[in-house]
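Here are a few notes to go with the model, in case you want to click along.

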Amino acid sequence: MERKKTAAIFPAFGCKYLGSEKEILNEVSDDLRELLSRAEAAVDFDRVEFERRSSGDFEDELQSQYAAYIISCAQSNILKRSGIRIDYAAGYSMGLYAALFHAESVTFEQGLDLITVAYEMIRGAATGLDFGTGVISGLDNDDLRSIVSRRKDLEIINVNNRHSFLIAGFSSSVTRALKAAKKMGALNTKFLDLKRPYHSTAMRDVSREFYRYCSGLRIYDPACCIISTVDAREITAWEDVLGDLADNIYRNINWLAAMERMVAARVDAFVECGPGKSLYRISQFIEGGFSVYHLALLHELLASDRVCSHADALDLRRA
């Protein structure tokens, strides 16, 4: 019988934090403190702001991205030392950079640099354009597409699961779409505080520019298989990493398809590496016999005296 497999999944910025991330990580190791210092030396990272925003409510979008990445990388280091074998990695939106760090395809500092460059390029291209992003839950794909198709600038930029989606376009179009979705029976609609058109075809030119930038970097073959959230393909070579970095800028992403690909490959345990538990929540509406362990759940197992091996407790296989 083929052994069951494990995946590390990495959230994006903007999620609600548990509030205990720093305490948990600092209790387990010095990784977070070390990476915070390295981030201060590498980019314009505001450590004071990081310490103040324990709930993740950053006012500055770039600082929020740095924070999510740093926490994800700290947990990634701890996960590696645990001896748990990770077969796949996938990053939700900008979680891709932490997934590539985990797979040893880029260094920690390279990840920070990629986040900075992508953010500045997208911000520059979006200057003067009134973009908006919204989340819709409770409709199916066909119903949502009937709403989105009414406006040429609207796109479904991410499929979270079968009944949760992110849309983007000009703010006025997003607002109208959210109202239409509510009338159609959506359980929840929300206009998100995201002004940059991430994963939007409006950023096609930025994607080309970002590809040229990334082509000048030393990127390595991933140590574990990366699952693309653009088209759910397996990424095992540095050339494909390069392409996925560019695609992640302007192509719509599909988290559901990436998860389904990993479940089909016999992944039955996912470790969410990063702040909050957004991917854990999304996964509750994805079919399959699997479990997702966010930081707090993993910490309970690590700290449990009755568990001899947290790898065994998670029903995982050691490397």
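1. The largest cavity has 13 lining residues, and Gln65, Met94, Tyr97, Ile122 and Tyr198 sit nearest its centre. On a 1 Å grid over the protein atoms alone, a cavity is a set of points where a 1.4 Å probe fits but cannot get out, and lining residues have an atom within 4 Å of a point. The largest share, 4 residues, is from α6. Helices here are DSSP runs of H or I, at least four residues, and strands are runs of E, at least two, numbered from the N terminus.

2. A word on provenance: this is a predicted model, where local features need pLDDT of at least 70, side-chain atom pairs count only at pLDDT 80 or more, and totals for chains, interfaces and linings use all residues. Residues are numbered from 1 along each chain as its sequence is written, and side-chain values use heavy atoms, with hydrogens and water left out.

3. How much space lies in the largest cavity? About 130 Å³, taking volume as the space filled by probe spheres set on the points, which are joined across faces, edges and corners. The structure has 4 cavities of 30 Å³ or more.

4. Now over to strand β4 (residues 155-161), which holds Asn158. The Asn158 side chain makes a polar contact with that of Tyr92 at 2.8 Å (N or O atoms within 3.5 Å, one able to donate a hydrogen and the other to accept it; residues adjacent in sequence count only if both atoms are side-chain atoms).

Terms used:
On a 1 Å grid over the protein atoms alone, a cavity is a set of points where a 1.4 Å probe fits but cannot get out, and a pocket is an open set with protein on both sides within 12 Å along at least five of seven lines; lining residues have an atom within 4 Å of a point.
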